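Work through the exercises below with the sequence and the structure in view. Each task is followed by a solution in steps.

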Amino acid sequence: MDFQGTLFAEARQQDAFERTTLTRGAWVDVCRGWLSEPDEVFATLVRDVPWRAERRQMYDRVVDVPRRVHTYFEDEPLPHPALSTARDALSAHYADELGEPFVTAGCCYYRDGRDSVAWHGDRIGRGRMHDTMVAIVSVGDPRGLALRPRGGGPSISVEMGHGDLLVMGGSCQRTWEHAVPKVAGAGPRLSVQFRPRNVF
């Protein structure tokens, strides 16, 4: 099977990527059904990723972060070959705009609708001062990714379905925030966030 061809034949066409221009130089691209065989990728990630719980300080106590996480750093093998192919295809597609490859893969496991992530931007490292990109592949139950301008303003929500791709680019990490809110009745969902070097 020509996995590279079947996975990205249509997605490589520019019109398969729906770009929404936000404010202050930010934008998002969405490509529906971008990842082929998302069922297999989902099952492999659940089974093989060494998921860990995180804890964080909140006011006067330390609380559990309501999701599971793991990061594959540069040159570490990814848990499924489709993810390596996806990272290479994204690097090729955005080469002119980004000017460098995607090298890391942060994985998040939202076990049900109670798992979530609060408003934030990926602003550690170069993302704090420079335009960059974060590409998110979603598998599992659909969940909404909410975005809002930093400092206030109307928010938008993009539902990410099984195998969908969303790319945040331009100034998005500095001038906008994103979150995965809690919802009632959601099943498990996994996201893989591809980032360039020194963007967290």
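Predicted model: local features only at pLDDT ≥ 70, side-chain atom pairs only at ≥ 80, totals over all residues.

**Exercise 1.** Classify the ring pair W27 and Y94 by its geometry, and locate both residues.

Solution. A search of the whole structure gives 3 aromatic pairs. For W27 and Y94, the ring centres are 6.3 Å apart and the planes meet at 20 degrees. Planes under 30 degrees apart count as stacked, so this pair is stacked. Next, the locations: W27 belongs to strand β2 (residues 26-31), while Y94 is in the loop between α3 (81-93) and α4 (95-98). The two are 67 residues apart, and the pair links distant parts of the chain.

**Exercise 2.** Are W27 and Y94 buried or exposed?

Solution. Buried means under 20% relative accessible area. W27 has 10%, so W27 is buried. Y94 has 1%, so Y94 is buried.

**Exercise 3.** Classify the ring pair W51 and Y109.

Solution. The centres lie 5.3 Å apart, with the planes at 45 degrees. W51 is in the loop between α2 (38-48) and β3 (52-58), and Y109 is in strand β5 (residues 104-110). Both residues are buried.

**Exercise 4.** Which residue lies over the face of W27?

Solution. R19 does, at 3.5 Å from the ring centre. W27 is also linked by ring pairs with F17 and Y94 into a cluster.

**Exercise 5.** Describe the place and surroundings of T175.

Solution. T175 is in helix α5 (residues 172-175). Its relative accessible area is 11%, so T175 is buried. Leaving out residues up to four places away in sequence, T175 touches T23, R24, A26, P149 and R150.

Note on methods
Residues numbered from 1 in each chain as written. Heavy atoms only, no water. Helix = DSSP H or I, 4+ residues; strand = E, 2+ residues; numbered from the N terminus. Buried < 20%, exposed > 50% of the residue type's maximum accessible area, 1.4 Å probe, protein only. Contact = heavy atoms within 4.5 Å. Phe/Tyr/Trp six-rings, centres within 6.5 Å; stacked < 30°, edge-to-face > 60°. Lys NZ or Arg CZ within 6 Å of the ring centre and 35° of its normal.
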